[in-house]
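Student: I would like to learn how to read this structure. Where should I start?

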Amino acid sequence: MASKLNQLIRAQAGKSRRVYNDKLADGSRSVKVSGWLRGDYKLAKRTLEAEGYEVKLVEFDVPSYVWGYRGGSAKGKQVRLHVTE
């Protein structure tokens with residue numbers, strides 16, 4: 001799953017973005033892309049769902065002192081996609 005998933009995410013992210021694709025304990029994948037905004041994740045979610053993946057957009061609260069900048073996420077939030085086949 002990770003290979004096809006990586007190809008789909010990379011196609012949207014472009015070569016200049018760093019893609020994090022970590023395996024979760026339940027076997028699903030957690031995908032984060034540096035510099036992406038919430039809208040980018042929503043578009044990727046629709047694309048992956050069209051390819052047959054089950055996708056959940058998740059947001060984590062992040063204390064303001066963790067980031068020197070917001071990294072493109074909503075203020076105090078970090079966005080990820082949790083993806084299963």
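Tutor: Start with burial: buried means under 20% relative accessible area, exposed over 50%, and partly exposed in between (1.4 Å probe, protein chains only). Of the 85 residues in the protein chain, 29% are buried. This is a predicted model, in which local features need pLDDT of at least 70 and side-chain atom pairs count only at pLDDT 80 or more, while totals for chains, interfaces and linings use all residues. Residues are numbered from 1 along each chain as its sequence is written, and side-chain values use heavy atoms, with hydrogens and water left out.

Student: In what order do the elements of the protein chain run?

Tutor: Helices (H or I, at least four residues) and strands (E, at least two) are DSSP runs, numbered from the N terminus. Here the order from the N terminus is α-β-β-α-β-β.

Student: Which residues are buried in α2?

Tutor: Tyr41, Ala44 and Leu48 are the buried ones in α2. They lie on the same side of α2 because they cover an arc of only 65° around the axis, the arc being that of the directions from the helix axis to the C-beta atoms. Arg46 and Ala50 are exposed, on the face turned away from that buried side.

Student: Is Asn21 buried or exposed?

Tutor: Asn21, in strand β1 (residues 19–23), is buried, with a relative accessible area of 15%.

Student: With which side chains does the side chain of Asn21 make a polar contact?

Tutor: A polar contact is a pair of N or O atoms within 3.5 Å; within protein, one must be able to donate a hydrogen and the other to accept it, and residues adjacent in sequence count only if both atoms are side-chain atoms. The side chain of Asn21 has one with the side chain of Asn6 (2.7 Å) and one with the side chain of Arg29 (2.8 Å).
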